[in-house]
Amino acid sequence: MATISDPERTAGGAILLDGNRLRDETVASIASRIMSVGSPAICLATVLVGSDGPSGVYVRMKHRKATEAGMVSRGVELPDSATQAEVEQAVAALVDDPTVHGILVQLPLPGHLDPEPVLALLPPAKDVDGLTDRSLGRLVRDLPGHVPCTPLGVMRLIEAYGIPTAGRRAVVVGRSTLVGLPQVLLLGRRGVDATVTLAHSRTADLIDVCRTADIIVAAAGQARMIGVDHVKPGATVIDVGVSRSEQGIVGDVDFDAVQAVAGAITPMPGGTGPMTIACLLENTLAAAAMQGVAI
Ligand code: NDP
C-alpha cells in the first residue's frame, strides 16, 4: 500500500489529500507488480451504453489508466437504442469469457433500461465495481469480495496519509448504496474502528452532527453544502460530491473556507475521483488473482 510522508499543505495549513498523486503511485505499483510476474494479460472490460457525455469521459479515463497499469482493457459500446436483451447479452458474453477478469457496467444506463438484471449477471469475482447485491452482501458479512471503488478510494486516502480512525468519530453525509452506505461499513470495520454516524437529507441539525466529527465524508451531491460551521478545527474533510456548475466541477465542500480550519482536506477535482479509478484497478488485480492468475 502506498503511503505519503511529505504531504503538500493548503494555504491555511491543512494536509492536502492529493488523489492524483496517490492514484499515480497506485497505478505505478500495480504496473510493477504485473511486470514482476511476467506480464500476464489481466483484462478489464467496460460496457458503455449510449452517448451520455460524462460517462464516455469516465470510461475513456478508466481505459487509459488500465493501460498505464499494464492491463489489457476492452471496451464494449452499445448505442442509445440498445434493448435490455442486447445489453444483457453483451454482459453475459464477457462473464463467459475466461480472458476477462473484471467487468464494469458504466452507470447510469439510458432511462429505458433496467440496471438490476444487468448487474445481477455479474459474478462476484468479476464485479470490480462491487455494486451487485452479492458483492455488497459480502462487504456486510466481511467476506472476501470487491468493495465499491469510491468508498474504497476514500479509505486508501485515509490510510496513505495516516489519518487516525480508531476510536474517532466519523460522519458520512449521504446514504446511497454506491457511496454512503458502504463508506459507513468500511469506516466502522474492525481494524478501522471509527464510530460512524450516517447523515442524510432528513438529518436534523446537520451542522451540529458534523461538528462532532474527526472525519467528514461528504457524498450528497449538493454544491458547497459543507461550510466552515460544519467542521471541527483539525478535522479531516473528504469530498465525494460532484456538481456541475458554470465554474466547472464543484464539490460538496466549500474548499476555500474549510481548508482554513480542517486538519486535512481533499481537493475537488483531484481527490476522490482519481482514487475511484485507482481502486477499480486494484479490484481488477484482485479479480485476476481470484480467477487463478498468479499475481
Ligand atoms: P445519491 O443521489 O444516490 O445520494 C445522495 C445522498 O445524499 C442521499 O442519501 C441523500 O439523502 C443525501 N443528501 C442529499 N441532499 C442532502 C442534504 N442537503 N443534506 C444531507 N444529505 C443530503 O448520490 P450518490 O451517492 O450516487 O452520489 C453522491 C455524490 O457523489 C454525487 O454528487 C455524485 O456525482 C458523486 N460521486 C462522486 C464520485 C467520485 O469519484 N468522486 C463517484 C460516485 C459519485 P436521502 O437519502 O435522504 O435522499
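## Around the ligand

A nitrogen atom of the ligand is 3.2 Å from a polar backbone atom of V240, a polar contact in the sense of a pair of N or O atoms within 3.5 Å. Inside the protein, such a contact also needs one atom able to donate a hydrogen and the other able to accept it, and residues adjacent in sequence count only if both atoms are side-chain atoms. Taken alone, the ligand exposes 930 Å², and the protein buries 67% of that; these accessible areas come from the Shrake-Rupley method with a 1.4 Å probe, and for residues only the protein chains shown count as cover.

How many residues surround the ligand? There are 20, and the closest are R175, S176, S201, V242 and T276; a residue counts as near when one of its heavy atoms lies within 4 Å. By type, the shell divides into eight nonpolar, 11 polar and one charged. Here Ala, Val, Leu, Ile, Met, Phe, Trp, Tyr, Cys and Pro are nonpolar, Asp, Glu, Lys and Arg are charged, and the others, Gly among them, are polar. Helix α10 (residues 272–290) gives the largest share of the shell, three residues.

## About the model

You are looking at a predicted model, in which local features need pLDDT of at least 70 and side-chain atom pairs count only at pLDDT 80 or more, while totals for chains, interfaces and linings use all residues. Residues are numbered from 1 along each chain as its sequence is written, and side-chain values use heavy atoms, with hydrogens and water left out.

## Two domains

The domain assignment gives domain 1 (39–123) and domain 2 (149–273); such bounds come from an automatic or database assignment. The C-alpha centres of domain 1 and domain 2 lie 29 Å apart.

## The six-stranded sheet

Follow the order β1-β11-β8-β7-β5-β6 and you have walked across an open sheet of six strands with parallel pairing. Why is one side of β1 and of β6 left without a neighbour in the sheet? β1 (15–16) and β6 (195–199) stand at the edges, each with a single partner strand, so one side of each has no neighbour there. Two strands pair if DSSP finds at least two bridges between them. The strands themselves (E, at least two residues) and the helices (H or I, at least four) are DSSP runs, numbered from the N terminus.

Are the faces of β7 buried or exposed? Both are covered: I215 and V217 on one side and I216 and A218 on the other are all buried. Buried means under 20% relative accessible area, exposed over 50%, and partly exposed in between, with a 1.4 Å probe and protein chains only.

In the loop between α5 (133–141) and α6 you will find H146, which counts as buried at 2% relative accessibility. A polar atom of the side chain of H146 lies 2.8 Å from the backbone oxygen of A125.

T165 sits in the loop between α6 (149–160) and β5, and at 12% relative accessibility T165 is buried. I4, in the segment before β1, is buried as well, at 7%.

## Backbone details

One runs from L107 to P108, with omega near 0°; P108 lies between β4 (102–105) and α4 (115–119). Another joins M268 and P269, with omega about 0°, and P269 lies between β11 (264–265) and α10.

S39 has a phi of about 50° and lies in the loop between α1 (19–36) and β2 (43–49), partly exposed at 46% relative accessible area. D193 has a phi near 65°; its loop runs between α7 (180–188) and β6, and D193 is partly exposed at 36%.
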